[in-house]
Amino acid sequence: QVQLEESGGGLVQAGGSLRLSCAASGRAFSSYAMAWFRQAPGKEREFVGAIGWSGRSTAYAASVKGRFIISRENAKNTVYLQMDNLKSEDSAVYYCAADGVGILSNSYKYWGQGTQVTVSS
């Protein structure tokens, strides 16, 4: 069983940066692929980025590639999402997910409660 808790969301101006963190409980964290998804009001949940268990492999949605970086520290049971050059369309609730496959949200077994990111233009 894994519990996930996101933090670091907030209000930022367009062009600014935020760093989201996802702290996980459970000893198996280092064996899980991790991902970030987001959901804006009235829209479906969408993939943002994913990282393999070792941190060597990553994948990003086209809309955030070059602006967002996903990383992890297995010793701290934490995964991060560094978000730079934020745009108003990045505004959403951001969710951390564990133990899944790539971009497929339905494949992830564990989810956090989400953290709100609001980008003002």
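A disulfide is a pair of cysteine sulfur atoms within 2.5 Å. With that definition in hand, the reader may turn to the structure above, which is a predicted model. By this rule the model contains 1 disulfide. It is formed by cysteine 22 and cysteine 96, whose sulfur atoms are 2.1 Å apart. The angle about the S-S bond is -80°, and the link between cysteine 22 and cysteine 96 is left-handed. Cysteine 22 belongs to strand 3 and cysteine 96 to strand 9, so the pair ties together parts that are 74 residues apart in sequence. Both cysteine 22 and cysteine 96 are buried.

An open sheet is formed by 4 strands in the order 1-3-8-7, with antiparallel pairing. At the edges stand strand 1 and strand 7 (68-73); each has a single partner strand, so one side of each is left without a neighbour in the sheet. On average, neighbouring strands of this sheet are turned by 15° against each other, direction ignored.

The two partners of strand 3 may now be taken in turn. Strand 1 (residues 4-7) runs antiparallel to strand 3 and is joined to it by 4 bridges. Here leucine 4 stands opposite alanine 24 of strand 3.

How many of the 7 residues of strand 3 are buried? The strand is mostly covered, with 5 of its 7 residues buried. Beyond its neighbours within four places in sequence, leucine 20 is in contact with several residues, among them Ser7, Trp36, Val79, Leu81, Met83, Tyr94 and Val117. Thr115 is also one of these contacts. Leucine 20 and threonine 115 are 95 residues apart in sequence, yet their C-alpha atoms are 8.3 Å apart in space.

Is threonine 58 buried, partly exposed or exposed? With a relative accessible area of 40%, threonine 58 is partly exposed, because that class covers values between 20% and 50%. Not counting residues up to four places away in sequence, threonine 58 touches Ala50, Ile51 and Ile70. Its C-alpha atom is separated by 21 Å from that of valine 2, which is 56 residues away along the chain.

The aromatic residues come next. A pair of aromatic rings is described by the distance of the centres and the angle of the planes. The structure holds 6 aromatic pairs. In one of them, the rings of tyrosine 32 and tyrosine 110 have centres 6.1 Å apart and planes at 45°, so the pair is tilted. This pair links distant parts of the chain: tyrosine 32 is in the loop between strand 3 (18-24) and strand 4 (34-39), whereas tyrosine 110 is in strand 10 (residues 110-111), 78 residues apart. Tyrosine 32 is buried, at a relative accessible area of 12%, and tyrosine 110 is buried as well, at 15%.

Why is the pair of phenylalanine 37 and tyrosine 108 called edge-to-face? The ring centres of phenylalanine 37 and tyrosine 108 are 5.5 Å apart and the planes stand at 75°, so the pair falls into that class, which requires planes over 60 degrees apart. Phenylalanine 37 is part of strand 4, and tyrosine 108 is in the loop between strand 9 (92-98) and strand 10, so the pair ties together parts that are 71 residues apart in sequence. Phenylalanine 37 is buried at 1% relative accessibility, and tyrosine 108 is buried at 5%. Both residues also take part in a cluster, in which ring pairs link Phe37, Phe47, Tyr95, Tyr108 and Trp111.

Aromatic rings in this model also have charged partners. Tyrosine 95, one of the residues in the cluster, has arginine 45 over its face, at 4.1 Å from the ring centre. In a further case, the charged end of arginine 72 sits over the ring of phenylalanine 29, 4.6 Å from the centre of that ring.

Terms used: Residues are numbered from 1 along each chain as its sequence is written. This is a predicted model: local features need pLDDT of at least 70, side-chain atom pairs count only at pLDDT 80 or more; totals for chains, interfaces and linings use all residues. Side-chain values use heavy atoms; hydrogens and water are left out. Rings of Phe, Tyr and Trp (its six-membered ring) pair if their centres lie within 6.5 Å; planes under 30 degrees apart count as stacked, over 60 as edge-to-face and the rest as tilted. Helices (H or I, at least four residues) and strands (E, at least two) are DSSP runs, numbered from the N terminus. Buried means under 20% relative accessible area, exposed over 50%, partly exposed in between (1.4 Å probe, protein chains only). A charge sits over a ring if NZ of Lys or CZ of Arg is within 6 Å of the ring centre and within 35 degrees of the ring normal. Contact means heavy atoms within 4.5 Å. Two strands pair if DSSP finds at least two bridges between them. Axes are lines fitted to C-alpha atoms, for helices over the stretch in contact, and angles run from 0 to 180 degrees between N-to-C directions.
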